Amino acid sequence: MKYRIYEAAILAAGIIVLGFCIKSGIDNFANKDRRVTVKGLAEQQVMADDVSWTFTTTMQGDDIGALSKQVSGELNAIRKWLVEKGINSSDTITVEPPTVVNNYDNMYNNKKPMFKYTLTRLMIVGSHRTKVINRIEGQKGELFDRGIYYYTDISSYSYTQFQKLKPQMMQMAIVNAEKTAKQFAENSHSQLNKILEAGQGEFSIDDGDKPYLKKVRVVSTITYSLKD
């Protein structure tokens, strides 16, 4: 009789456990497709930490030696002006070797060009002082006022510390995604559960309000499960 009581108790306990398992399985089945996918956005404006400013000087003539001296003279005058404006030893000024084109080799319909040679040379200013370079850039009209010639100038500002900023930006994007998901869950009378899927995020770096400012942006897509 005693053993039968034990057997009945064990059987009853087994039935109860089985009932909980079945209920849990039904709940999981019912909730397996209850999910929400949201996007988290994070933006931050940073100062560019590298700039390359390139001056291009191009001249034409029939005497290579004279052309070379003339171009070198213009570039030396630009260098002197840059130093006057604040370029120092923490910055770099690089002058590229000249490129020479024989215009007679490119005659069209046997029409002889006015000058035989075209000589081009580049001067590149490199610096991490992006705000300073931008200030000097704004005064480049002084070069023409002094009679100093150059063909074109192009500056390129960039942000190189992106990898250091990436973890922080990802965290911000995840926090914003969670806020959106919680609002959705509240509106659907549910509760936010665990993360099911999460992407690495799509990063972009765009120009900011000033040339020396950059806007770093990340959009992260995250899928959460929902529960009652």
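Biologist: Leaving aside its neighbours within four places in sequence, with which residues is threonine 56 in contact?

Modeller: In this predicted model, threonine 56 is found in strand S2, where strands are DSSP runs of E with at least two residues, helices are runs of H or I with at least four, and both are numbered from the N terminus. Counting as a contact any heavy atoms within 4.5 Å, and leaving aside neighbours within four places in sequence, the partners of threonine 56 are Thr120, Arg121, Leu122, Tyr150, Tyr151 and Thr152.

Biologist: What pLDDT do local features need here?

Modeller: Residues are numbered from 1 along each chain as its sequence is written, and side-chain values use heavy atoms, with hydrogens and water left out. As this is a predicted model, totals for chains, interfaces and linings use all residues, side-chain atom pairs count only at pLDDT 80 or more, and local features need a pLDDT of at least 70.

Biologist: Is threonine 56 buried or exposed?

Modeller: Buried means under 20% relative accessible area, exposed over 50% and partly exposed in between, with a 1.4 Å probe and protein chains only. Threonine 56 has a relative accessible area of 15%, so the class of this residue is buried.

Biologist: Where do the buried residues of H2 lie around the helix?

Modeller: Helix H2 covers residues 64-85, and its buried residues are Leu67, Val71, Glu74, Leu75, Ile78, Trp81, Leu82 and Lys85. Seen down the axis of H2, these fall within an arc of 115° (taken from the directions from the helix axis to the C-beta atoms), so they line one face of the helix. An α-helix has 3.6 residues a turn, so residues three or four places apart point the same way. The exposed residues Lys69 and Lys80 are on the face turned away from the buried side, whereas the buried residues of H2 lie on one face.

Biologist: Against which elements do the buried residues of H2 pack?

Modeller: Two of these elements are strand S2 (50-61), which holds threonine 56, and strand S3 (92-95).

Biologist: Which element has the lowest confidence?

Modeller: The pLDDT, the predictor's confidence in each residue from 0 to 100, averages 86 over the protein, and S3 has the highest mean, at 98. Over residues 6-31 the pLDDT stays under 50, and the model has 1 contact beyond four places in sequence for them. With a mean of 43, the lowest confidence is in helix H1 (residues 2-31).

Key
The expected span of a helix is 1.5 Å times one less than its number of residues.
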